[in-house]
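Let's take a walk through a protein model and see which side chains sit together. Have a look at the picture first, then read on.

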Amino acid sequence: MLIIAVFHQGDIDDTDQCTVDSARKRDGKTIYPCGLIANSFFNDIFVLQHNGVNLTEGNWDGSDISWRSDRETKFKNVTEITEIINGGDFTRTGTRGNLLPLPTDQDFQVWFRVAGLPRFNKLYRKIGNQDLKSGDQLTVFVFNNFDVKGFDGEKHILLSTVSGIGGRNFFLGACYLITGVICMIYAIGMLLKRIYCPRKLGEMKYYKWTGLGAVTRTEKRD
């Protein structure tokens, strides 16, 4: 668990919430940021070429990939804490020897939002003002820093368009379709029942009064 308090005014040396010792200390120094999520930070680097030309920073944009609430509230780092990290008994070296990012890194903020399923997508960059046309050649150079062999993981690169309601999500669409089909079947069933087995309005046999003033009748049959 990553301590949210250290991003604000909490005690930066307090790592009690980081339950795994290897993610709390390294060579006698406090790891910052601590925790399994921070220590497993996805640190692969991708460089995209469009028709043989590297996309510049403006067209390969990573300045708006995390949630706005995360940037402005949850992971808003304090300047004093950053100064303490740079000059104190702290280290940003993870257990794999990798350099851990600061909480203000948007790649880290995206990674920190833990996925609910074992297969998930994480936004890496946005292609800004570069228009892509049919027949264009895209080349992706991958600096493989994140090893997935230990847990038989897989990594894929996905190019997708994003609209005002988000990117493509097949799972959400499938849920909507299944729910719609179930509702339609239920509606057809109720319609057929209404047509072939209608209920007469005002039928008193369906009415049973159990409130104040109710009279209990007992019928005796021979």
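## Before we start

Keep in mind that this is a predicted model.

Which residues make up the largest nonpolar core? There are eight of them: Ala 38, Phe 41, Phe 75, Phe 108, Trp 111, Phe 112, Phe 146 and Val 148. Helix α4 (residues 106–112) supplies the largest share of this core, with three residues. Apart from it you'll find another core, this one of five residues, including Phe 46, Leu 48, Leu 55 and Tyr 124. As a bit of background, nonpolar side chains in soluble globular proteins tend to be buried together.

Leaving out residues up to four places away in sequence, Val 148 touches Gly 153, Glu 154 and Lys 155.

## Rings that pair up

How many aromatic pairs does the structure hold? The count is nine. One of them joins Phe 46 and Tyr 124 in an edge-to-face arrangement, with 5.0 Å from centre to centre and 75° between the planes. This pair links distant parts of the chain: Phe 46 belongs to strand β3 (residues 45–50), while Tyr 124 is in the loop between α4 and β7 (126–127), and the two are 78 residues apart. Both Phe 46 and Tyr 124 are buried.

Trp 111 and Phe 146 also form an edge-to-face pair, at 5.9 Å centre to centre and with 70° between the planes. Trp 111 lies in helix α4 and Phe 146 in the loop between β8 (138–143) and α5 (170–196), so this pair ties together parts that are 35 residues apart in sequence. Why does Trp 111 count as buried? Its relative accessible area is 16%, and buried means under 20%. Phe 146 counts as buried too, because its relative accessibility is 10%.

Ring pairs link Phe 42, Phe 46, Trp 60, Trp 111, Phe 120, Tyr 124 and Phe 146 into a cluster.

## Arginines over rings

Some rings have a charged neighbour over the face. Arg 113 lies over the face of Trp 67, 3.6 Å from the ring centre. Arg 125 does this with Tyr 124, at 4.3 Å from the ring centre.

Start with Lys 122, which sits in the loop between α4 and β7. Is Lys 122 buried or partly exposed? It is partly exposed, with a relative accessible area of 29%. Lys 122 and Trp 111 are 11 residues apart in sequence, and their C-alpha atoms are 7.2 Å apart in space. Setting aside neighbours within four places in sequence, Lys 122 is in contact with Val 110, Trp 111, Arg 113, Val 114 and Ala 115.

Next up is Asn 43, in the loop between α1 (36–39) and β3. Asn 43 is buried, with a relative accessible area of 17%.

Finally, find Phe 90 in strand β6 (residues 90–91). Phe 90 is buried, at 14% relative accessible area. Phe 90 and Ile 31 are 59 residues apart in sequence, yet 5.9 Å apart in space from C-alpha to C-alpha.

Note on methods:
Residues are numbered from 1 along each chain as its sequence is written. This is a predicted model: local features need pLDDT of at least 70, side-chain atom pairs count only at pLDDT 80 or more; totals for chains, interfaces and linings use all residues. Side-chain values use heavy atoms; hydrogens and water are left out. Helices (H or I, at least four residues) and strands (E, at least two) are DSSP runs, numbered from the N terminus. Buried means under 20% relative accessible area, exposed over 50%, partly exposed in between (1.4 Å probe, protein chains only). A nonpolar core is a set of buried Ala, Val, Leu, Ile, Met, Phe, Trp, Tyr and Cys residues joined through side-chain atoms within 4.5 Å. Contact means heavy atoms within 4.5 Å. Rings of Phe, Tyr and Trp (its six-membered ring) pair if their centres lie within 6.5 Å; planes under 30 degrees apart count as stacked, over 60 as edge-to-face and the rest as tilted. A charge sits over a ring if NZ of Lys or CZ of Arg is within 6 Å of the ring centre and within 35 degrees of the ring normal.
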